[in-house]
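Dear colleague,

My notes on it follow directly after.

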Amino acid sequence: MTADITVSGRALDRLMPLHLHLDAQGQIRRAGPTLIHILGQIKGQSVFDLFHITRPTGLMQMAALLRHAGEQLTLSPRLQPAAAWRGQIVPVKDGGAILNLSFGLNVIEAVRQHALTAADFAPTDLAVEMLYLVEAKNAVLDEFRRLSLRLEGARSEAEEQSLTDPLTGLRNRRALDLALGRACAGRQAFGLMHLDLDKFKQVNDTLGHAAGDHILRQVAQTLRAETRAGDTVARVGGDEFVILLPAMTDQAALMALAGRLVARLGRPMDWDGAPCQIGASIGITSSQMQDRPDPAHLLHQADLALYAAKNAGRGQARLAQASDGMPPEGAPAQATPAA
Amino acid sequence: MNGLVNYALEGFLRSTYGAAQWQTIAQRAGLGFDRFEPLLDYPPDLTDRVIAAAAEILHRPRDTVLEDLGTWLVAPRSDGRLRRLLRFGGLRFLDFLHSLEELPGRARLALPDFQLPDMRLRDLGEGAFCLQVQDPFAGAHHLVMGILRAMADDYGALVLIDGGDGAITIQLLDATHAEARQFDLAVGAP
């Protein structure tokens with residue numbers, strides 16, 4: 001047998017600042033200092049008037065409550081029905097009971113609402129450590145969030161770089177494949193041009209790579225100027241370009257644009273004070289040319305039309321034929337450079 | 001998790017001496033980058049190299065750089081987070097002093113692989129204390145001295161702090177010399 005001990009009310013206040021000493025009817029005979037701080041002077045009131053016991057449910061009498069002595073109770077202060085406090089009740093010799101409480105997971109709210117300090121908790125209570133941990137966790141989380149944002153910025157920058165042709169700033173092959181794949185998969189209507197420079201190799205060979213690079217940048221500028229913001233203009237090879245033109249399937253409009261490009265690229269450019277003459281040939285197709293537009297198929301079609309334009313004497317644009325895969329015969333349409 | 005220390009050092013140097021000076025220091029330290037990530041690990045000698053470079057570029061003794069860093073970490077001009085976490089140590093400056101021994105344990109609660117230096121506090125009587133700091137890098141106790149000075153201000157305590165050879169002596173002259181800065185336990189309070 002362990003000896004019973006007598007503990008003063010003041011000692012209880014220190015050990016359990018959130019305790020209630022109840023009499024046999026559930027009237028409050030004494031309340032811990034933190035409870036008084038929160039609920040005011042509650043001596044003489046009934047615990048059942050102050051708290052709604054939610055677990056176990058339906059307890060309104062001391063005798064019933066004491067049958068759950070030692071178990072975990074869940075209670076809400078009537079003033080804050082949303083808060084779920086924890087409690088434990090044990091009977092004491094005077095026929096009453098000690099009901100010790102804690103804020104449970106509402107501790108953060110409780111501290112904020114009632115401006116509690118470390119002095120409102122027993123030194124053995126880890127509630128303050130929990131607040132410390134929440135705060136430290138938030139700090140770490142904020143850092144992770146910032147890190148994620150920086151990584152996301154770096155990722156999109158890297159992605160942008162991986163889609164850009166460094167020499168001209170146009171999109172590259174990969175970007176074109178993605179855009180074309182998306183357009184086909186989304187069953188969007190679009191026009192597609194395959195443009196190849198004429199006589200570019202000569203410029204490169206006679207005037208050097210610096211001249212070639214200069215010309216390519218000039219061409220890129222022209223292509224950008226003649227196309228819309230939503231078009232994809234890609235450099236897909238040394239002097240090869242592909243242009244994807246969303247919603248532009250009208251053959252006359254496509255031919256008109258191609259004619260303008262051929263005309264502008266056929267004008268002499270300046271390199272180091274000397275005129276420098278190239279030209280362009282263009283093969284054109286559109287999503288309308290196929291029942292089920294397919295990127296490889298469309299590119300092949302545009303390529304065949306380009307081939308036909310080259311064969312017909314360069315410096316012109318050709319529309320692909322629906323008889324896909326066959327080189328366009330009989331010159332279905334032709335655009336010649338304006339003077 | 002020394003990234004946190006390096007990140008703090010960078011933040012202190014950047015905000016106190018400007019971005020250009022920080023770039024110079026980062027270059028002198030041979031970092032090869034100019035931004036520390038607080039949650040990453042770095043080679044252990046990097047911290048030392050940055051401190052040495054800062055001392056050289058700023059023409060300040062190394063110990064002073066570290067002590068200023070300590071003060072800056074707690075002072076209102078940084079984001080104030082460390083100050084709040086430290087104030088969880090106790091209601092009065094004396095409680096805070098005693099809580100320093102628990103600090104590495106507290107830090108590990110939040111970040112399991114964050115290693116703070118071991119600290120031992122000896123009560124010499126009559127308001128005098130000796131804090132033994134196990135330096136994870138040379139002169140780390142000067143950083144702790146800076147933190148102590150700033151925290152004493154925060155608590156409104158008047159103290160004399162002296163350091164040498166990894167040990168700090170603290171003479172508490174008046175625990176309530178000035179009004180303490182407000183500290184609210186509630187999460188996210190200033």
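Strand β12(A), helix α11 (residues 295–311) of chain A and strand β13(A) form a left-handed β-α-β unit; a crossover is called right-handed if, with the strands pointing away from the viewer, the path from the first strand over the helix to the second runs clockwise. Helices (H or I, at least four residues) and strands (E, at least two) are DSSP runs, numbered from the N terminus.

This is a predicted model, in which local features need pLDDT of at least 70 and side-chain atom pairs count only at pLDDT 80 or more, while totals for chains, interfaces and linings use all residues. Residues are numbered from 1 along each chain as its sequence is written, and chains are lettered from A and ligands numbered from 1 in the order in which they are written.

Strands count as paired if DSSP finds at least two bridges between them. With β7(A), residues 190–198, β12(A) pairs in the antiparallel sense over 8 bridges, and A:S281 stands opposite A:D196. β13(A), residues 317–319, runs parallel to β12(A) and is joined to it by 3 bridges; here A:G283 has A:R318 as its bridge partner.

In chain B, the axes of α1(B), residues 3–17, and α2(B), residues 19–28, come within 6 Å and cross at roughly 135 degrees (axes are lines fitted to C-alpha atoms over the stretch in contact, with angles from 0 to 180 degrees between N-to-C directions).

Yours sincerely
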